[in-house]
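Visitor: I'd like to go through some side-chain contacts and a bit of strand pairing. Can you put the model up?

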Amino acid sequence: MVQTTVVIPAYNAEGFIGDALHGLLAQSAVDWECVVVDDGSSDGTAARAAAMGDARIRVVRQANAGVSAARNRGLELARGRFVMFLDADDRLHGLALERLTAFLKADAGAVAAFGTVVKILGDGSPQPGQKPLPRHRYPDGDVLAAMVENGFLNVGQILMRTEAAVAAGGFRADLRLSEDWEFCARAAAQGPFRFAGPVPNVLFHRLTPGSASRSLASLWENHEPFLAALAGNAEIGRKLGAARWAALQRRVRASVLWEVGRVNFCERNFGDARRYMMRALAIRPTPKRLALFALAEASRLLDRPLANRLRFNDLDRVKG
């Protein structure tokens, strides 16, 4: 059995898939396979991936069905003990698989291991103003409550036992947004997630303003299926207990309302931004949100970019 399967869902990713695969070929660990699932691309994504000329890389094609269906197809084909879901425009650090595999081998009870992320721009350069990696703090072990509350991990920074990903049921294809957050919450209900430490990072995550998922994120109704899926998970509710589960659901709703407001602010839909931000503050008025809301209001009134912090969300989980 191969050690690790890296599943890459790809839709019209010809411009980035080569970078993602070069990052995989540069891994210090060599016992891996990659399943690139071309999800009905109309460009040269599949040909670009096949041209890498490495037998460990398999390319499968399917009619366009969305990122969740593409990830699930890759999971069905996975032959590795461990699995990672890497987006086609992201890239792994050269030590990523070696470090994360070591943590899973050292802790037989761990469902997954994860590391930190460096956000990069379209040209591959680091996003300015990021917190230094040594200052990153994540929960370790039982991460269920944290995962439910804010979906704090990108799936590309997680290496999971394949049997756990299968037991979790894969990704829900009916969710247009936050399908990775919902999946990770179900996986975290199975057992511990180990934090591999802040340095070095394991993932370079590319920010792509103007993506289809970003446009979906500005509409509240696109988030409601995710909230309903999370609220309907009886297993998570049982593990957390009724009172804690109810409180966490309110905090999740506040987080999503704030995100919808933030996206609308970035798109200069100031009326909608203000409405959603105020709804979030009514549920959970944290000092950080209150300060950012004041900056957003000043930015709107003065028509000056005083609230750039709102343009770079730490909870970068809106995918679709």
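Guide: This is a predicted model. To begin with a charge over a ring: the charged end of R275 sits over the ring of Y276, 4.7 Å from its centre.

Visitor: What about R91, which ring does that one lie over?
Guide: R91 lies over the face of F204, and the distance to the ring centre is 4.6 Å.

Visitor: Switching to ring pairs. How many aromatic pairs does the structure hold?
Guide: The structure holds 11 aromatic pairs. One of them is Y138 with F152, whose ring centres are 5.8 Å apart. Their planes stand at 35°, so this pair is tilted.

Visitor: Where do Y138 and F152 lie?
Guide: Y138 is in the loop between strand 7 (117-120) and helix 5 (144-150), while F152 is in the loop between helix 5 and strand 8 (158-161). The pair therefore ties together parts that are 14 residues apart in sequence.

Visitor: And is Y138 buried, exposed or partly exposed?
Guide: Y138 is partly exposed, at 21% relative accessible area. F152 has 16% relative accessibility and counts as buried, because the cut-off for buried is under 20%.

Visitor: What sort of pair do Y138 and F195 form?
Guide: An edge-to-face one, with 5.1 Å from centre to centre and 65° between the planes. F195 lies in strand 9 (residues 193-195) and Y138 in the loop between strand 7 and helix 5, so this contact ties together parts 57 residues apart in sequence. F195 is buried, its relative accessible area being 15%.

Visitor: Which residues form the aromatic cluster?
Guide: F114, Y138, F152 and F195 form one cluster.

Visitor: How many bridges join strand 5 to strand 10?
Guide: There are 2 bridges between strand 5 and strand 10 (residues 203-206), and the two strands run antiparallel.

Visitor: And what stands opposite L92?
Guide: L203, in strand 10.

Methods
Residues are numbered from 1 along each chain as its sequence is written. This is a predicted model: local features need pLDDT of at least 70, side-chain atom pairs count only at pLDDT 80 or more; totals for chains, interfaces and linings use all residues. Side-chain values use heavy atoms; hydrogens and water are left out. Rings of Phe, Tyr and Trp (its six-membered ring) pair if their centres lie within 6.5 Å; planes under 30 degrees apart count as stacked, over 60 as edge-to-face and the rest as tilted. Helices (H or I, at least four residues) and strands (E, at least two) are DSSP runs, numbered from the N terminus. Buried means under 20% relative accessible area, exposed over 50%, partly exposed in between (1.4 Å probe, protein chains only). A charge sits over a ring if NZ of Lys or CZ of Arg is within 6 Å of the ring centre and within 35 degrees of the ring normal. Two strands pair if DSSP finds at least two bridges between them.
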